[in-house]
Amino acid sequence: MGVAIRETVELQTCGHYIGGQWVYSASDQWFQTANPATGETLAQFSRGTEDDVRRAIDAAEAAFPAWKRTPAPKRALILLKAAMIMTERKDELGALVSAEMGKVIAEGRGDVQEAIDFLEYIAGEGRRMYGETTPSELPDKFCMTVRQPLGVVGCITPWNFPIAIPIWKLGAALVTGNTVVFKPAEQTPLCMAKITEVFEEAGLPAGVLNVVYGFGEDAGAEVVANPRVKAISFTGGVETGRIVYTSAAKHLKPVELELGGKNPQIVMDDANLDLALDGVLFGAFGTAGQRCTATSRLLLHEAVYDAFMDRLVTAVEALRVGNPLDPGVDVGPVINDEAGERIMDFIASGKREATLITGGERLTGGDYDQGFYIQPTIFATEHGTRISQQEIFGPVLSVIKVRSYEEAVAIANDIEYGLSSSIYTKDVNRAFQAVQDLEAGITYINAPTIGAEVHLPFGGTKNTGNGGREAGSAAIDEFTEIKTVFVDYSNRLQKAQIDG
Ligand code: TXE
């Protein structure tokens with residue numbers, strides 16, 4: 001087994017994983033990963049170049065024939081072994097997620113659990129990659145479909161779920177017989193290195209998984225543009241998603257895009273307000289708001305507005321902000337200074353165009369100076385302001401007062417995104433009406449906008465993606481294509497559709 005991370009006197013150093021070997025880039029360029037809560041450097045990584053990506057594609061191409069021929073149930077056993085290893089190492093991996101990405105430890109462990117859940121789920125799909133059979137219109141002829149892998153596929157992931165999102169893509173790509181060139185987020189490479197070690201330990205053959213660390217403009221762009229990579233699975237921002245989709249289109253390769261969101265939670269006049277309060281606290285400020293499914297808009301019925309806002313402000317002001325590895329902390333830092341400045345710019349907009357209800361400042365002094373910590377922030381705003389329309393990706397909630405269900409749905413839908421949505425109501429008719437009316441890939445009834453379960457399709461409409469879904473029953477579709485088969489055993493030429 002290779003060693004992903006070499007302990008050196010100075011710093012942990014990590015190379016790319018290509019053809020089953022840990023190798024450094026010839027470029028001799030490096031980048032570091034740091035703990036967003038403390039600023040401590042965690043490791044340094046060889047910065048991958050286009051040449052490193054091409055080497056990874058060579059290895060993936062070489063490994064593809066044997067991997068394709070490996071029976072899916074056998075491929076699935078390796079995924080199950082990986083799930084078992086991750087279960088044994090859940091504490092260590094969960095702590096690493098919190099240390100490298102900044103989400104609180106309960107969510108760091110949740111990130112790992114989501115990966116374990118998906119591996120267990122998708123391994124089972126190794127025995128359910130069904131095709132179909134149907135009678136031919138001609139005698140002595142058999143018709144069926146079978147699923148086939150795509151070949152070398154490219155996976156590109158963000159930093160906010162540094163173990164769960166890579167596994168969502170990797171598990172599905174591998175069980176279906178593809179080989180992979182993986183470019184993980186430059187902000188959380190250590191998590192990917194650990195995932196790679198897990199799969200190596202689980203017995204994944206050399207060349208099936210190849211990981212190149214680095215940045216989007218060179219390594220990432222090469223994964224997308226290289227014609228030998230037959231499909232792309234991307235999660236990240238809308239603008240980057242557009243660049244990826246445009247580049248891949250030149251080679252007509254399929255692209256699965258999971259992009260941003262501006263997710264509404266509607267609270268109706270008949271809602272269970274205790275439940276709705278718990279929901280918006282978790283949905284808006286869990287992961288410091290850094291989820292594509294985060295609750296960033298609260299559409300609050302006027303009949304309960306004042307009472308609910310009083311309780312919401314009290315609860316938000318009681319949230320503990322600090323080091324995510326401290327179990328008493330509710331909200332950690334944001335991923336880095338660049339993200340923090342971006343969020344503070346949105347907060348500045350909010351102070352100009354809306355009413356600040358609570359929060360709105362960067363926390364400084366003491367340990368807060370080691371990272372970028374932002375007070376959980378609430379604005380009261382009108383529909384149409386910048387903070388109510390654009391994805392902030394931070395601990396900022398925009399509250400909009402609504403007078404009716406119809407107005408709430410109209411505001412919820414008047415947005416470029418369509419990922420997640422939620423409505424709190426005791427009226428079952430209204431709940432099912434909302435399922436029909438809300439323009440989103442996911443709708444929760446009496447639950448927050450976050451908390452997807454791995455065995456159901458995930459993804460969104462409008463600018464959240466390009467029509468695909470991942471996870472659940474959609475996972476197999478993402479990484480296979482259909483072959484239709486006709487077997488004519490009549491021993492004579494038969495012509496479909498031809499008279500006589
Ligand atoms: O994502 P990026 P970032 C949203 C959120 C956030 C914004 C930017 O709004 O503020 O995206 O976040 C790689 N060709 N989400 O900068 O830039 C890059 O190296 C190929 C929502 O983290 O999209 C990284 O591995 N690859 C999202 C990955 O793309 C390229 C979660 C994502 O980077 C590339 C994260 C290129 N030209 C951010 N440029 C969600 N849906 O959960 C970059 N990359």
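This dialogue walks through several features of a predicted model and how to read them.

Colleague: Which conventions apply before any value is read?

Modeller: The model is predicted, with local features requiring pLDDT of at least 70 and side-chain atom pairs counted only at pLDDT 80 or more, while totals for chains, interfaces and linings use all residues. Residues are numbered from 1 along each chain as its sequence is written, and side-chain values use heavy atoms, with hydrogens and water left out.

Colleague: Which residues of α11 are buried, and what covers them?

Modeller: As a general idea, an α-helix has 3.6 residues a turn, so residues three or four places apart point the same way. Buried means under 20% relative accessible area, exposed over 50%, and partly exposed in between, with a 1.4 Å probe and protein chains only. In α11 the buried residues are A339, G340, I343, M344, F346, I347, S349 and G350, and their cover includes the strands β16 (355-358) and β20 (396-402) as well as helix α12 (386-389), where contact means heavy atoms within 4.5 Å. At the start of α11, a side-chain oxygen of N336 comes to within 3.2 Å of the backbone nitrogen of E338.

Colleague: How do the axes of α1 and α7 cross?

Modeller: Two packed helices are described by the angle between their axes and the distance between the axes. Axes are lines fitted to C-alpha atoms, for helices over the stretch in contact, with angles from 0 to 180 degrees between N-to-C directions. Here the axes of α1 (residues 50-69) and α7 (residues 216-225) come within 8 Å and cross at roughly 35 degrees. The residues that meet are E50, V53 and R54 from α1, and D218, A219, E222 and V223 from α7.

Colleague: Is E222 buried or exposed, and what does E222 contact?

Modeller: E222, found in α7, is buried, because its relative accessible area is 13%. Leaving aside neighbours within four places in sequence, E222 is in contact with E50, V53 and R54. The side chain of E222 is also joined to that of N226 by a polar contact of 2.9 Å, a term for a pair of N or O atoms within 3.5 Å in which, within protein, one must be able to donate a hydrogen and the other to accept it, and for which residues adjacent in sequence count only if both atoms are side-chain atoms.

Colleague: Where do A288 and N446 lie, and what is the phi of A288 and of N446?

Modeller: Most residues other than glycine have a negative phi. A288, in the loop between α9 (273-285) and β15 (295-301), has a positive phi of about 55 degrees although it is not a glycine, and N446, in the loop between β23 (442-445) and β24 (461-462), likewise has a positive phi, near 55 degrees. A288 counts as buried at 3% relative accessibility, whereas N446 is partly exposed at 32%.

How values were computed:
Helix = DSSP H or I, 4+ residues; strand = E, 2+ residues; numbered from the N terminus.
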